Amino acid sequence: MNEGLKNATVNDECYTPKEAVLPLLKYISKGKKIILPFDTEESEYYKTFKENGYDVKCQHLNDNKDFFFEFYDEYDLIISNPPYSIKDEILERLYLINKPFIMLLPLTALAGQKRVSMFAKYGIDLIVFDKRINFYINGEQKNGNWFASAYFTYKILPQTLIFESL
């Protein structure tokens, strides 16, 4: 039985800075209904999309909204920086939902037997950055992140690989 987000670890609370959200705006039309399944209204995803006129809603486990037990029929697009410790389960659920998605993940998530199998079966496109993202942890932006991140996307991009500057 899937225990949902309860399996995520405390180290998964890393928040995306605005400069890593802004590049997404050019790939998403404003007529799409967006859900942010791992976010609060304090997230830069929510604030940036809202400020730019998008129809966006957020949900978070703190509000008793667990991604694994919610339905997303009314939304066109799922976007977030999900808990990395359960990325396989999240990707598996996203492919089952079969809606376009954008998830910020470590670039190393491109490898791995289970993920490669899913990517080969369903497809995946990437937005890769010119430098590493400095996430916010405990309210402070940390410089010198040790891993590269990329947006893993499904049914969104005009081509398989896009390079963006931060």
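**Following the charges and strands**

K26 counts as exposed, because its relative accessibility is 56%. Here exposed means over 50% relative accessible area, buried means under 20%, and partly exposed is anything in between, with a 1.4 Å probe and protein chains only. Before going on, bear in mind that this is a predicted model: local features need pLDDT of at least 70, side-chain atom pairs count only at pLDDT 80 or more, and totals for chains, interfaces and linings use all residues. Residues are numbered from 1 along each chain as its sequence is written, and side-chain values use heavy atoms, with hydrogens and water left out.

Back to K26, which forms a salt bridge with E164, their closest N and O atoms sitting 3.1 Å apart. K26 is in the loop between α1 (18-21) and β1 while E164 is in strand β9, so this pair ties together parts 138 residues apart in sequence. A salt bridge here is a side-chain nitrogen of Lys or Arg within 4 Å of a carboxyl oxygen of Asp or Glu, and the structure holds seven of them.

Another one joins the side chains of K33 and E74, at 3.8 Å from N to O. K33 belongs to strand β1 and E74 to the loop between β2 and β3, so parts 41 residues apart in sequence are tied together. K33 is partly exposed, at 28% relative accessibility. D55 and K57 also meet in a salt bridge, at 3.9 Å from N to O. D55 is partly exposed, with a relative accessible area of 31%, and K57 is partly exposed too, at 41%.

Now zoom out to the fold. The chain has four helices and nine strands, arranged along the sequence as α-β-α-β-β-α-β-α-β-β-β-β-β. These are DSSP runs numbered from the N terminus: H or I over at least four residues for helices, E over at least two for strands. Seven strands make an open sheet with mixed pairing, in the order β2-β1-β3-β4-β8-β5-β9. At its edges are β2 (55-58) and β9 (161-164), each pairing on one side only. On average, neighbouring strands in this sheet are turned by 25° against each other, direction ignored.

Inside that sheet, β1 (residues 33-36) and β3 (residues 77-80) pair in the parallel sense over two bridges; strands count as paired if DSSP finds at least two bridges between them. I35 has I78 as its bridge partner in β3. Helix α2 (residues 44-51) lies across β1, β2, β3, β4 (101-106) and β8 (149-154), running at about 160° to β2. Angles run from 0 to 180 degrees between N-to-C directions, using lines fitted to C-alpha atoms, for helices over the stretch in contact.

What about a charge without a partner? D125, in strand β5 (residues 125-129), is buried yet has no salt bridge, and the nearest side chain of opposite charge, K155, is 11 Å away. For charges, Lys and Arg count as positive and Asp and Glu as negative, while His and the chain ends are not counted. Leaving aside neighbours within four places in sequence, D125 is in contact (heavy atoms within 4.5 Å) with Y151, F152, T153, L157, Q159 and T160.

For the whole chain, buried residues make up 49% of the 166. Among contacts between residues at least 6 apart in sequence, 67% join residues at least 24 apart.
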